Amino acid sequence: MTDQPDTQKSGETPIPAGRGIEEILADPLLAGATAPLRDAVLEAAELFGELTLVVDRERIREVCESFKRDGYVYLVDLTAVDYSAYPGHAGDLRFAVVYHLYSFEKNARVRLKVRVAEGSSVPSVTSVWKTANWPERETWDMFGIEFEGHPNLERILMWDEFNGHPLRKDFPVRGIDTGARIYPEVFPAGGGPMAGSTGKNAADVNLYKEEWVAYGTAPVIQPAPPPRPAIAPPAEPSKPAKPAPEGAPAEPQSPAAAAPPAATVPATTSDAAASEAAPEAPAPAAQTTGASGDAPWHDETLILGERMELAKGRPLKDLLFAAMAQTDCGACGWDCEGYAEALASGETSDITLCVPGETETEDELQKLMTEAGKLRKDEG
């Protein structure tokens, strides 16, 4: 092959645009690889000095072998494109598998493409480059394109039971209900992530209950109903002030006393405002955690010290619960309260599972468990 000037090799002088397919294939950067397999090249394009060849799907392995012999020893990347949502796209060739090749000898890059119909497979090039193994698995995982002859074509990013291929254009952006398959201890079968469990707005959490297999049709969002607001008990009528002794100066009226009567304001509004203004009374020590109102520390915006103060005097499980990061991420295998209950009951003694809480939570759990006699000082 004729040596190219250094300026062309470095890309400083791009190959002139506008050449036809035969001119492109005759270029010294390609001729050595394409001359023996001219009939396998279906299209050729050139844009900004980058060369792209569309190759016969059934002969892609043969073409890759030819390019590797000609110096393109480095498979930079292997991926796919879903053209189904492209403007003006028509026909059965929905996908394209794309191969980015590089030659150190020529300091040149070439892009190969094969067009693929729905349900068709592509010959694997793992026999040409061993490094094609994982990119082909990822392409199968994300697009559903099978690679014939791959030694172990299975999912690499999603779990085996995942429903669908996330980078297809017909895959719903909101995702589908698969949370129960990852954390069956946390989410009920078919339930998936519940509103609030991810910290997102209920409208952004997909609670689709049924099995969904219809590509191209997004499942209907079924957000949980918003929680009912707590109804505060009616305020006690204020007692009339005692009359001042004769001759004593009248006490100055407080701003609260100068406010209009409570009857002019709806009871729920005034009660809510009063509860926000008044400091929260500590819960009795015998109370256990149940409804969300019984766990005021279950708020990830609170720092550890504030959470522990809210749980002061509570049973061990509540203290452990307050020490968690309060994100309910499920990384420990439970939600925050479930992990606390597992530690308190002895189901587990591993205090290192709260990933979001990091060292802060681990140190507090070790302290609480040690004080309760459930963990020796040399453990943890």
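The structure holds 1 cavity of 30 Å³ or more. It comes from a predicted model.

**The cavity**

- The space inside the largest cavity amounts to about 60 Å³.
- Its lining consists of 13 residues, and C329, C332, C336, C354 and P356 are the closest to its centre.
- By residue class, the lining of the largest cavity contains 11 nonpolar residues, 1 polar residue and 1 charged residue.

**The nonpolar cores**

- The largest nonpolar core comprises 37 residues, of which F67, V97, Y99, L112, V122 and I145 touch the most other members.
- Several helices supply at least two residues each to this core, namely α2 (21-25), α3 (28-34), α4 (60-69) and α5 (133-143).
- The strands β2 (50-55), β3 (74-82), β4 (95-103) and β5 (108-116) likewise supply at least two residues each.
- Strand β5 provides the largest share of this core, with 5 residues.
- Leaving aside residues up to four places away in sequence, V97 touches L78, T79, A80, L112, K113, V114, V116, V122, I145 and F147.
- Another core lies apart from the largest one; it has 26 residues, including W297, L319, A322 and L343.

**Helix α11**

- Helix α11 spans residues 336-345 and is mostly covered, with 7 of its 10 residues buried.
- Those buried residues are C336, G338, Y339, A340, A342, L343 and A344.
- Among the elements that cover the buried residues of α11 are α10 and α12 (358-371).
- After α11 comes G346, which has a positive phi, near 90°.

**Residue K317**

- K317 belongs to helix α10, which covers residues 316-323.
- The relative accessibility of K317 is 17%, and K317 therefore counts as buried, since the cut-off for a buried residue is under 20%.
- Through its side chain, K317 makes a polar contact with the side chain of E337, at 3.0 Å.
- The helix that holds K317, α10, is one of the elements covering the buried residues of α11.

Technical notes
Residues numbered from 1 in each chain as written. Predicted model: local features only at pLDDT ≥ 70, side-chain atom pairs only at ≥ 80, totals over all residues. Heavy atoms only, no water. Helix = DSSP H or I, 4+ residues; strand = E, 2+ residues; numbered from the N terminus. Buried < 20%, exposed > 50% of the residue type's maximum accessible area, 1.4 Å probe, protein only. Polar contact = N/O pair within 3.5 Å; in protein donor to acceptor, adjacent residues only side chain to side chain. 1 Å grid on protein atoms, 1.4 Å probe; cavity = no way out; pocket = protein on both sides within 12 Å on 5 of 7 lines; lining within 4 Å. Points joined across faces, edges and corners; volume = space filled by probe spheres on them. Nonpolar A, V, L, I, M, F, W, Y, C, P; charged D, E, K, R; others polar. Core = buried A, V, L, I, M, F, W, Y, C linked by side-chain atoms within 4.5 Å. Contact = heavy atoms within 4.5 Å.
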